[in-house]
Amino acid sequence: MPKTLEEARRLALADAKSMTDEEDAAITAAALADPDNPPWDEHFRSKRGRPKQDVVKEQIALRLDPEVIARFKAGGPGWQTRMGDVLRKAVGL
């Protein structure tokens, strides 16, 4: 059992270097045939992060009275969305 990460890396590299092409092909074929272990590709990378929105919101700096902000925040999570809804209604959207 390796005692350090460096020793584990050294042993793993030694094992990989001593592997035959047939062993490597067998391991690769078994990994590709495993439905619980799909190959890592761009398909997985594209799913990271938030989903793309149809309407992209614009970030701005806006100064508001502390009482207004406190009233919206008192409603809990989603206060910014509620504030946006009130503003949309105020301008007739």
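**Entry 1: what I am looking at.** I opened a predicted model, so every value below is computed from it. I began with the secondary structure and counted five helices and zero strands in the protein chain. Reading from the N terminus, I noted the order α-α-α-α-α.

**Entry 2: overall dimensions.** Next I looked up the radius of gyration, and the protein chain has 27 Å. I then checked the C-alpha trace, which spans about 70 × 35 × 20 Å along its principal axes.

**Entry 3: surface.** How much of the protein chain counts as buried? I found 3% of the 93 residues, taking buried as under 20% relative accessible area. The accessible surface came to about 9,300 Å², and carbon and sulfur atoms hold 56% of that area.

**Entry 4: a helix pair.** I turned to helix α4, residues 66–73, and helix α5, residues 79–90. Their axes lie 8 Å apart and the packing angle is about 115°. I wrote down the crossing of α4 past α5 as right-handed.

Which residues make this contact? On the α4 side I listed Ile 69, Phe 72 and Lys 73. On the α5 side I listed Trp 79, Arg 82, Met 83 and Val 86. Sorted by class, the contact of α4 with α5 has five nonpolar residues and two charged ones, with no polar residues.

Terms used:
Residues are numbered from 1 along each chain as its sequence is written. This is a predicted model: local features need pLDDT of at least 70, side-chain atom pairs count only at pLDDT 80 or more; totals for chains, interfaces and linings use all residues. Side-chain values use heavy atoms; hydrogens and water are left out. Axes are lines fitted to C-alpha atoms, for helices over the stretch in contact, and angles run from 0 to 180 degrees between N-to-C directions. Helices (H or I, at least four residues) and strands (E, at least two) are DSSP runs, numbered from the N terminus. A crossing is left-handed if the near helix is turned anticlockwise from the far one by less than a right angle, and right-handed if clockwise. Contact means heavy atoms within 4.5 Å. Ala, Val, Leu, Ile, Met, Phe, Trp, Tyr, Cys and Pro count as nonpolar, Asp, Glu, Lys and Arg as charged, and the others, Gly among them, as polar. The radius of gyration is taken over C-alpha atoms; the globule rule is 2.2 Å times the number of residues to the power 0.38. Buried means under 20% relative accessible area, exposed over 50%, partly exposed in between (1.4 Å probe, protein chains only). Accessible areas come from the Shrake-Rupley method with a 1.4 Å probe; for residues, only the protein chains shown count as cover.
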